[in-house]
Amino acid sequence: MTRIGGLIRSAGRAGATLLIFALAIFALMELAPGDPMAQVPMTVPDEVRQEMRLALGLGEPAPMRFALWLWQLCVIEPLAGLDAVLGTQLADGKPRILSWQARAPVMEIIAAHLPQTLWVVGLAYAVGVAIALPLGICQAWRQHSVFDRTGTALSMLAYSVPPFLSGVVLIAVFSVWLGWLPSIYDTTHAVRDWSDLWVQARQMILPVAVLAVQTTALIARYTRAAVLENLQMDHVRTARSKGLSEAAVLARHVLRQSMIPVVTVIALGLPQVFGGAVVTEQIFLVNGLGHLLIASIEANDLPVVRTVTFLMAVLIVLANLAADVTCRLLDPRIGAHG
Amino acid sequence: MVEPVAHRSAAVMATVRRPLRRRIGAHRGVIVGGVLFAIICMAVFPGAMLWPIDPTAIDLGNGNAKASLAHPLGTDQLGRDMLARVLAGGRVSIAVGLAAMMVALGVGTVIGVVAGLSRRLDGPLMRLTDLFLSLPLLPLLLVVMMLFREALSEGLGPEAGLFVLIVGAVGITSWMGTARIVRAEVLALKERDFIRAARAMGVSDTRLILRHILPNVASPIMVSASLGIASAILTESALSFLGLGFPPDFPTWGRLVSDAAVYLFDYPGRVFWPGMAISLTVLSVTWMADALGDALDPRRAPPR
């Protein structure tokens, strides 16, 4: 009972985080000096200018616009999403969030960009975690060995090389020099059969590699530290003195405890990966969320900027929530005391 | 009466410091990383003054020159000397890194100490820290850069304004680690006898923090300061690379890499040198922080 209560509490906290973030990002844009109409030529008369402001929805006072934006985000857009899936007409005639630049619903633009980002980021994260966990565990298990030192040096190196440098160098080596892989991600490519899938896989290798290297460096370090700490525990010595094999000691007595901080770090590392994804998408011209964000920042398209940033926060908060649930499953003590 | 006390305190300080120095000595990373970072700083700050060529001097007749004695790293497409540009870029990048680290450290230490000491503010402050930790920071930084760059460049001039903006924005979004570490240390420290004794003697809160608590949390602060420099340099270079950092004619390492990326296959050196400089600086500082953390944490065994 208490565990479910704890879960509800963390979900409530996640909701509050998102609400505060929505308020903060909206307030930031309101407080910022600079006028969305700054791009409009000076020759446009004042009445027309006023009409343009009204057309952009800038006529209302700020709190009203914030409330409208929240209402659109939480009610109208999900309804529109339902319409798109089920073919109903729940959101018909309701005001959706519109992009100033494209004059189309922001969510439709985002829906066109989101899959690429999710694929690249998700795959990179999966690959990174799959490499980092065994790497960190082996490093801690054989502390101070050549393997451990090499691993530590490599992960420090991987952290130090910024993604825009490694991305550019990888393009130079694998696309230009060797000619093995495409340097530009073709977003319009549709996967219909096996050869298409192969093309898709080939164009994903480089961006995923750049992001996965960063993830691996971060998570391997934490895994190593967490496993090291648990290897020094008394119960591990007991397990070894009982005559258990090393594999059994690691698997049964060390890994479960070590995974608790690692799961948290995996979730906390996500903001960094989204940051890396913005840069990586720019290098490989992946037409994803980061690309959309940069493009709309350059075009001063505030509704898109606001919604994309908020959506990234939603993804991160959801990942944190998932990490919280995993930690509760791994460690029954969390939340047991309220 | 005064002299023996001073004498004793010096002797005590020596015995307190010696094992620390020896422990740091046992971790070569602190020395190697620190020396490397010092060399880079020396090359970039006073060294750049010794190099006579102006990084912004355009010499169109001498564009895309190969490495020579006059231009050890060659010149770019406008004939500007690459060595001078890399040095000037480093000056900006490292200055941003150091300044942003100070901001982050200041905010983080204040929040950490207050959260550790005050039972009432602990909860809200840690909520705030968690909130910042779950934000998409780079996108947020990009938004802040977009919204405030015009206003600040008009107010303070294009270079100073953007410097303040970048330092402020990076600092405000990277204090969370410091705050968490400092809070944990303060919580552990609060129950120690010498803090209780100081309280019992009626030491004021300010003095307690300045004289008894801050010196004892200095080592974790040092570690997170080094890591802070590294992450600030990386963030600044990412902003410059995306074109939302300093103005285009103002060289920073990230901007140099982004400008040269187009010419990568013809002139790989132009990407290589500034990129190398970023990586080497970040590597040296991270290495130092890592080894420092090992040296200061008695639970971790020293390397054999």
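Reply: Happy to. Let us begin with R255(B) and D259(B), whose side chains meet in a salt bridge, with N and O 3.9 Å apart. Please keep in mind throughout that this is a predicted model. Both residues sit in helix α12 of chain B, which covers residues 253–260. They are 4 residues apart, about one turn of the helix. How does each partner stand, buried or exposed? R255(B) has a relative accessible area of 10%, so it is buried, being under the 20% cut-off. D259(B), at 29%, lies above that cut-off and therefore counts as partly exposed.

How many salt bridges are there over all chains? A search of the whole structure finds 9. Side chains of opposite charge can pair when their charged atoms come close. Another example is the bridge between R180(B) and D130(B), where the closest N and O atoms are 2.9 Å apart.

D205(B) has a relative accessible area of 52%, so it counts as exposed, the cut-off being over 50%. R199(B), at 41% relative accessibility, is partly exposed.

Now back to helix α5 of chain B, which also holds L131(B). With a relative accessible area of 13%, L131(B) is buried. Leaving out residues up to four places away in sequence, L131(B) touches T17(A) and I20(A). L131(B) and M176(B) are 45 residues apart in sequence, while their C-alpha atoms are 9.6 Å apart in space.

Another helix to look at is α6 of chain B, residues 137–156. This helix bends by about 50° at F148(B). After α6(B) comes G157(B), which has a positive phi, near 90°.

To place all this, let us turn to the nonpolar parts. The largest nonpolar core has 142 residues. W69(A), F164(A), L142(B) and W253(B) have the most contacts inside this core. Its largest share, 14 residues, comes from helix α4 of chain B, residues 82–117. Apart from this core lies another, of 10 residues, including I137(A), A140(A), V227(A) and L228(A). As for W69(A), its contacts beyond four places in sequence include A22(A), I25(A), F26(A) and I97(A). R306(A), T307(A) and F310(A) are also among the contacts of W69(A).

L178(A) counts as partly exposed because its relative accessibility is 35%.

Technical notes. Residues are numbered from 1 along each chain as its sequence is written. Chains are lettered from A and ligands numbered from 1 in the order in which they are written. This is a predicted model: local features need pLDDT of at least 70, side-chain atom pairs count only at pLDDT 80 or more; totals for chains, interfaces and linings use all residues. Side-chain values use heavy atoms; hydrogens and water are left out. A nonpolar core is a set of buried Ala, Val, Leu, Ile, Met, Phe, Trp, Tyr and Cys residues joined through side-chain atoms within 4.5 Å. Buried means under 20% relative accessible area, exposed over 50%, partly exposed in between (1.4 Å probe, protein chains only). Helices (H or I, at least four residues) and strands (E, at least two) are DSSP runs, numbered from the N terminus. Contact means heavy atoms within 4.5 Å. A salt bridge is a side-chain nitrogen of Lys or Arg within 4 Å of a carboxyl oxygen of Asp or Glu. The bend at a residue is the angle between axes fitted to the seven residues ending there and the seven starting there.
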